[in-house]
Amino acid sequence: MRILHVASEIFPLVKTGGLADVVGSLPPALARRGLDVRVLLPGLPEVLDGVVDARLVTRIGPIFGAASVTLCAGRLPDSGLPAYLIDAPFLFRRKGNPYTGPDGHDWDDNHRRFGLLGWTAAHLAAGELDPDWTPDVVHAHDWHAGLTPAYVVQSPGLDMPTVFTVHNLAFRGIFPMDYHADLDLPMRRMTPRGMEFHGKLSFMKAGLVYSNKITTVSPNYAREICTPEFGCGLDGVMRDRAGDLSGILNGVDYAVWNPAEARIAKTYSVDDLAGKKICKRALQLEFGLSSEARGPLFAVVSRLTSQKGMDILLAALPELLQEDAQLIVLGTGDGDLEAGFRYAASVNPERVAVCIGYDESMSHRFMAGADILLVPSRFEPCGLTQLYALRYGTLPLVRRVGGLADTVIDVNEENLAAGRATGFVFGEAARHALGARIRDACGFYRNGGEAWTQVQERGMRQDFSWDDSAANYERLYLGLREQKTEERPE
Ligand code: ADP
Ligand code: GLC
């Protein structure tokens, strides 16, 4: 079975968050199951530089405001999987990240940039671009690839099943309605049953409405997005399509996230945790933190945004400090949150340290050196850092929401007695609830001893590899291929 994955970012070439980790590791997991998987990516500078054996497939010509657009093919580093790249220098060869310029503002032609991604996917699927390969199923990720299913249904005579995966419903890809003309999309689709969203055009909604199957990245988030609280105004669409919606938990690439092999002060494993203490001391030294604290070392590796509950954490910081604990933060995001953490570090230099920036190798040192990873998200489609923390013997402290609720089992009497607790879970997105759980976690750390080690070891032994999830995606693809294409909305 031939599957085309369509996405805007991919680890290790270009990454702003968990989407890249998933796009970098799910296709190889499917390939290991024997599927013929290819990835279609925008020709961002890092992508063009990073693929090997790149060759021209076809010239697409001037389109979407770009004078020159060509489709190239090459192989991804590490996995060696085939990748198609859209080389459109005017649209993609820019400094910044996939979505924003160096000033942090969205590119003002993002509708064209990501419209071209979906358009190319559909034309590749129709067999118009590469005579040697066409997919059986097209799998598009998040709003950036959301127009893929719309262009597929618009393509005359094309009966191509599509899967659309929601990684984060909060980013809906909204543009002025009249941009449809730039995108070669007919006005008749700009309706509430189509891709219109409150008088605008939403790429996310297009993906939801025109795909054959919708998935999201955890079972719990699949339920949550059907409710007004988490639906971002699209919960009605989700409920309409509930029969085609499922949640498939993200996996972890344990070749990348493995304390026995990562570049950390001292590698360790579940059979010998000695190296973890060395990693902790090294991290404290690196950031000038005291080694005398009685409480645990808490860490954050995250976008610093309200989604991630970082304002709640700042508010609960006094509770953490009262317990003689420490906090280190690695992240970038909202200016006021960055400033808040910087200020906290400046007034508590031995107990709070902050690194504002994005640093892949440092994120491994944080996972290895910390005792507890904080993920107090307001909403969390899946969340990957809590899964990485589990493998590094770092207990996650998370809010009971989205994929966090699916993956962390609370340290309480019942779960401890049953031998299943793996971390700390709290309920309300509020300072007092987080503060209380931080205090509990500090108490468990201080009294911990053997109990702490048992929870650590249980987490490290858990298997969140891609095996089961890739099998679930494969089942979905098989079902689609067998099923005659359903009637789709006009
Ligand atoms: P999201 O995609 O919503 O940001 P996830 O938990 O799914 O959240 O994935 C975040 C990914 O980005 C993880 O791989 C995490 O390690 C990484 N990450 C986040 N912030 C940073 C940072 N400042 N430096 C390095 N890696 C980071
Ligand atoms: C999004 C979500 C995150 C998820 C990631 C990968 O960025 O915010 O929860 O883990 O996508 O699916």
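Me: Domain bounds in this predicted model come from an automatic or database domain assignment. What are the domains, and what separates their centres?

Reply: The assignment gives domain 1 as 2-251 + 467-482 and domain 2 as 274-462. Taken over C-alpha atoms, the centres of domain 1 and domain 2 are 33 Å apart.

Me: How many residues does each domain bring to the contact, and what area is buried there?

Reply: Contact means heavy atoms within 4.5 Å. Domain 1 supplies 22 residues to the contact and domain 2 supplies 18. Between the two domains about 1,400 Å² is buried, with 60% of that area from carbon and sulfur atoms.

Me: Why is Lys15 with Glu360 called a salt bridge?

Reply: The rule asks for a side-chain nitrogen of Lys or Arg within 4 Å of a carboxyl oxygen of Asp or Glu. The closest N and O atoms of Lys15 and Glu360 are 3.1 Å apart, so the pair meets the rule.

Me: Why are α16 and α17 described by the word they are given for their angle?

Reply: The axes of helix α16 (residues 431-448) and helix α17 (residues 450-461) cross at roughly 110 degrees and come within 6 Å. Angles of 65 to 115 degrees count as roughly perpendicular, and α16 and α17 are therefore roughly perpendicular to each other. On the α16 side the contact is made by Ala441, Phe444, Tyr445 and Gly448, and on the α17 side by Glu450, Ala451, Trp452 and Val455. These residues divide into 6 nonpolar, 1 polar and 1 charged.

Me: What is omega for the peptide bond from Phe11 to Pro12, and where is Pro12?

Reply: Omega is near 5 degrees and the bond is cis. Pro12 sits in the loop between β1 (2-6) and α1 (18-32).

Me: What is phi of Asp53?

Reply: Phi of Asp53 is near 55 degrees, a positive value in a residue other than glycine. Asp53 is in strand β3 (residues 52-59).

Key. Residues are numbered from 1 along each chain as its sequence is written. Chains are lettered from A and ligands numbered from 1 in the order in which they are written. This is a predicted model: local features need pLDDT of at least 70, side-chain atom pairs count only at pLDDT 80 or more; totals for chains, interfaces and linings use all residues. Side-chain values use heavy atoms; hydrogens and water are left out. Axes are lines fitted to C-alpha atoms, for helices over the stretch in contact, and angles run from 0 to 180 degrees between N-to-C directions. Helices (H or I, at least four residues) and strands (E, at least two) are DSSP runs, numbered from the N terminus. Angles under 35 degrees count as roughly parallel, over 145 as roughly antiparallel, 65 to 115 as roughly perpendicular and the rest as oblique. Ala, Val, Leu, Ile, Met, Phe, Trp, Tyr, Cys and Pro count as nonpolar, Asp, Glu, Lys and Arg as charged, and the others, Gly among them, as polar. Buried area is the accessible area (1.4 Å probe) that two parts lose on being put together, summed over both.
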